[in-house]
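Work through the exercises below with the structure in view. Each task is followed by a solution in steps.

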Amino acid sequence: MTQIGLFIPCYVDQLYPRVGLATWRILRGLGLDVEYPKSQTCCGQPMANSGCGDAARPLAERFLDVFGKYKHVVTPSGSCASMVRNHYDQWLAGKPGFDHLKSNTFELCEYLVDIVGVTRADGDFPGRVGIHMSCHGLRELRMARSSERMDAPFDKVRGLLAQLRGIELVTLSRPDECCGFGGTFAVAEQAVSCMMGRDRIADHERAGAQVIAGFDMSCLMHLEGLIRREGKPLKVAHVAEMLEGARLS
Amino acid sequence: MTSREAIMEALRRAAPPPCEPAEPPRGIRFDDPVAKFSEVLASVGGRCVVGDYRELEVVQTARRVLTCPDQSSQSPHELADVDVAIVQGEFGVAENGAVWVPAANLGLRRVVFVIAQHLVLRVPANAIVHNMHEAYQRVGRDRFGVFISGPSKTADIEQALVIGAQGPRSCTVVLE
Amino acid sequence: MTGHPERALPFVLDQPRAHWHDESLWFVRQKRDRQASALPEWEELRNAAHAIKSHTMSRLADYLALFESNAVANGIQVHWARDANEHNEIVYGILAERGVTRLVKSKSMLTEECHLNPYLEARGVEVTDTDLGERIVQLRKEPPSHIVLPAIHLKRQDIGALFHDQLGTEAGAADPAYLTEAARGHLRDKLLNAGAGLTGVNFAVAETGGVVVCTNEGNADMGASLPPIHIACMGLEKIVPRLADLAVFVRLLARSATGQPVTAYTSHFNGPRAGGEMHVVIVDNGRSKILAEETFRRSLNCIRCGACLNTCPVYRRSGGYSYGYTIPGPIGSVLAPHRDPAAHASLPFASSLCGSCSDVCPVKVDLHHQLLAFRERLVKEGKTSSAKSLAMSVMSTVFQRPWMYGAGGWLMRRVVPLMPRFVLYGPWNPWGLQRELPPMPSESFRDLLEKEETR
């Protein structure tokens with residue numbers, strides 16, 4: 001059994017190939033047995049979030065066919081990982097292999113921290129960085145404690161990034177407010193969506209961030225779209241790209 | 001079929017499978033519940049003092065003071081010009097600065113605690129419980145009872161806190 | 001048909017005001033955070049509240065029957081209303097029978113839901129909302145824009161002008177203390193001269209047969225204790241089994257709602273005042289239908305604290321009226337489409353599904369999952385745009401065929417960079433109204449991976 005089936009979300013494959021490559025290199029660099037099944041396409045989240053379950057179901061079934069054979073499935077997206085873990089039940093409950101798939105699909109950071117047991121990230125990333133905690137990774141995968149909850153704080157993403165040399169993680173006034181992407185929400189409710197995005201960017205700017213780091217390119221695509229339209233000096237970066245050059249152990 | 005029967009039948013048809021209730025968690029406790037009570041009461045616009053309520057300025061300067069329970073059968077409207085109502089509270093709650101007042105302590109016209117311009121609550125100093133779980137152990141089945149935490153207040157205009165909305169403009173708890 | 005996006009647009013376009021609204025509500029969220037974080041048992045309390053509510057829902061008929069028999073034993077008259085109209089008839093009947101023409105009300109979202117005020121006013125009853133925020137919107141002939149903070153959308157100058165016009169305050173005066181004092185005089189007068197008082201109900205206790213009302217201003221207590229008649233109107237989901245359960249909910253309610261440790265008054269009405277009478281009206285109005293639905297019944301656990309509104313990044317930036325329903329925000333977006341799916345079809349989509357509502361909810365209603373589930377139902381029932389459903393099934397067809405997906409991606413990455421800006425960013429591209437499209441890379445990940453592996 002190959003250890004890892006690498007799941008590169010459709011929009012990352014087509015629009016942010018560097019993020020996919022960085023993820024591949026990180027996993028390979030750890031000496032892990034990784035495979036990228038070429039028949040993969042999309043997990044069905046855009047359809048499911050639009051309420052089009054009938055359009056999403058065949059994609060969920062395909063996903064199980066393609067990824068059911070791996071010990072673990074790893075993806076550089078909290079949102080897509082949550083789709084598999086938290087939203088496939090309605091179509092796949094009871095199907096052979098689904099229970100295994102559901103409990104063994106991970107977002108990259110949580111995979112590194114929880115499964116591989118990475119505790120050290122030896123690398124460089126000079127500059128002031130604000131972390132954008134994308135909502136599905138935060139509140140559906142519990143990659144960190146959300147600001148609404150009052151149990152013991154933890155943060156798997158910050159725990160990794162904070163170790164990079166030269167990095168200064170800034171403190172936001174609203175630590176985990178939504179950026180307003182939200183899939184088709186970004187288009188259907190573009191006015192509110194863009195105001196949310198600009199407010200998020202302003203928070204990072206006030207905190208002195210030069211880079212907005214995140215684990216979901218979809219949110220970063222939305223934020224970068226606003227940043228570029230307004231010609232701001234901010235950059236966005238996926239955590240995979242930031243950790244790519246680091247020695248993880 | 002009456003509406004009651006129709007509703008009951010609909011509810012029984014719709015009822016989800018039985019599930020067990022939970023016991024409330026053990027509530028927060030404080031090293032010094034009296035100090036906490038005093039601190040929280042101050043934070044909600046009230047005041048906690050130790051001593052003799054008759055010496056309070058608000059009592060001394062009042063034209064009409066009503067000591068409860070008042071059993072006179074005046075109409076509730078005649079209480080509109082009461083400056084200070086003196087009411088016995090049964091106990092206080094440290095976590096939220098509230099004082100429990102049952103109907104018997106108010107008298108025939110229970111509205112007095114809220115229609116008076118100022119309220120003075122007398123509470124035994126040894127009767128401060130830690131939290132609401134403990135408090136409800138001590139709440140009886142009176143016809144009426146109220147937890148009072150500080151004076152009447154509103155923040156309905158731009159979130160600006162204003163003390164003395166429709167009810168008392170001040171609430172002083174005297175620990176005795 | 002206009003939906004949430006169209007109604008939200010003018011609110012968002014007034015950027016200074018939209019930011020002010022967002023900050024006002026975020027301030028309340030922060031106050032909530034401070035109170036919640038002060039209790040080490042906060043998450044346990046939420047779990048307990050959820051369990052108590054779920055248990056109650058599983059035996060709702062029994063607990064209502066117990067409540068009724070205890071209430072009757074306490075001297076309370078209990079009435080049952082299947083729908084809004086019956087509720088209004090009952091309330092009017094009580095007033096008409098006793099010749100009452102002046103009613104004072106404290107906050108009750110149920111009576112807003114039933115549109116009681118216009119019903120009574122049409123029959124010659126003067127209705128005065130006595131909560132300051134409610135009175136402000138009543139004088140403006142508007143509904144509340146928030147379930148706990150009815151006038152949160154208004155600035156002090158708006159209220160100053162309103163009071164100058166209606167209550168004779170000084171022109172230009174906008175100091176909240178001054179305006180509140182003016183309202184105090186006006187409302188106490190109404191309270192003292194009313195023939196009956198109507199209150200909402202925060203909790204009804206089966207074990208005691210009494211109802212609990214939580215307020216800050218004291219208006220509910222005056223309304224329920226000055227006039228000889230007290231009418232308490234409650235949705236049938238307001239029941240809790242035992243007196244001890246109140247501790248859990250009272251601890252959660254005000255902390256979640258306004259960031260106070262408790263409301264100024266937590267009043268337990270277990271019977272009429274001396275020489276008076278007390279009525280409780282128990283209202284279904286669609287609730288038993290929601291109870292029958294496994295996916296949505298948890299929305300009945302809601303205690304109307306408003307925390308999901310305060311935390312919702314969409315509500316804060318689009319305002320209560322953009323929802324077009326009595327209860328706005330995430331909880332309203334779950335409740336409204338039960339009432340009229342076609343009219344409120346846009347509401348479950350008025351969310352980025354960020355899940356902050358579910359995490360802030362003191363009784364752990366899984367609001368963002370319910371919003372998602374409602375999207376699917378509305379699509380199935382044909383209440384949403386068929387163009388969108390068509391686009392989604394085309395996308396699904398493409399994604400089911402890797403070669404089509406690969407070719408489509410290749411084509412997009414080549415064609416988009418060649419398109420002139422006015423074509424690419426025309427009005428048909430809502431993404432591009434305020435945002436750039438991502439730069440199109442020449443190679444996909446799978447292209448890069450092939451090179452990587454042959455390296």
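## Exercise 1: Chain C against chain B

The side chains of C:R242 and B:E23 form a salt bridge, with 3.6 Å from N to O; a salt bridge is a side-chain nitrogen of Lys or Arg within 4 Å of a carboxyl oxygen of Asp or Glu.

Before the task, some conventions. This is a predicted model, in which local features need pLDDT of at least 70 and side-chain atom pairs count only at pLDDT 80 or more, while totals for chains, interfaces and linings use all residues. Residues are numbered from 1 along each chain as its sequence is written, chains are lettered from A and ligands numbered from 1 in the order in which they are written, and side-chain values use heavy atoms, with hydrogens and water left out.

**Task.** Describe the interface of chain C and chain B: which residues touch, what area is buried, and how many salt bridges and polar contacts are there?

**Solution.** 

Step 1. Count the salt bridges. Between chain C and chain B there are eight.

Step 2. Count the polar contacts, that is, pairs of N or O atoms within 3.5 Å (within protein, one must be able to donate a hydrogen and the other to accept it, and residues adjacent in sequence count only if both atoms are side-chain atoms). Across this interface 37 residue pairs are in polar contact, both residues at pLDDT 80 or more.

Step 3. Find the main contributor on chain C. Helix α10 (residues 176-192) of chain C gives the largest share of the side that touches chain B, 10 residues. Helices (H or I, at least four residues) and strands (E, at least two) are DSSP runs, numbered from the N terminus.

Step 4. Sort that side of chain C by class. It has 50 nonpolar, 23 polar and 22 charged residues. Here Ala, Val, Leu, Ile, Met, Phe, Trp, Tyr, Cys and Pro count as nonpolar, Asp, Glu, Lys and Arg as charged, and the others, Gly among them, as polar.

Step 5. In contact (heavy atoms within 4.5 Å) are 95 residues of chain C and 71 residues of chain B. The two chains bury about 6800 Å² between them, 59% of it on carbon and sulfur atoms. Buried area is the accessible area (1.4 Å probe) that two parts lose on being put together, summed over both.

## Exercise 2: Strands across the chains

**Task.** Which strand of chain C is joined to strand β8 of chain B, and in which sense do the two run?

**Solution.** 

Step 1. Identify the pair. Strand β8 (residues 144-148) of chain B is joined to strand β9 (residues 265-269) of chain C by five bridges; two strands pair if DSSP finds at least two bridges between them.

Step 2. State the sense. These two strands run antiparallel.

Step 3. Check one position. Opposite B:I148 stands C:Y265 in β9(C).

## Exercise 3: Chain C against chain A

**Task.** Describe the interface of chain C and chain A, and state which pair of chains has the most contacts.

**Solution.** 

Step 1. C:Q434, C:R435 and C:F445 supply 12% of the area that chain C buries against chain A, more than any other three residues.

Step 2. Count the links. There are 12 salt bridges across this interface. In one of them, C:E23 meets A:R174 at 3.5 Å, N to O.

Step 3. Find the main contributor. Helix α2 (residues 15-37) of chain C supplies the largest share of the side that touches chain A, 11 residues.

Step 4. Compare the pairs of chains. Two pairs touch, and chains B and C have the most contacts. Chain A and chain B do not touch, and their nearest C-alpha atoms are 14 Å apart.

## Exercise 4: Inside chain A

**Task.** Which domains does the assignment give for chain A, and how many salt bridges lie between them?

**Solution.** 

Step 1. Read the bounds, which come from an automatic or database domain assignment. Domain 1 of chain A covers 4-115 and domain 2 covers 117-248.

Step 2. Count the salt bridges. There are three between domain 1 and domain 2 of chain A. The side chains of A:R25 and A:E244 also meet in a salt bridge, at 2.8 Å from N to O.
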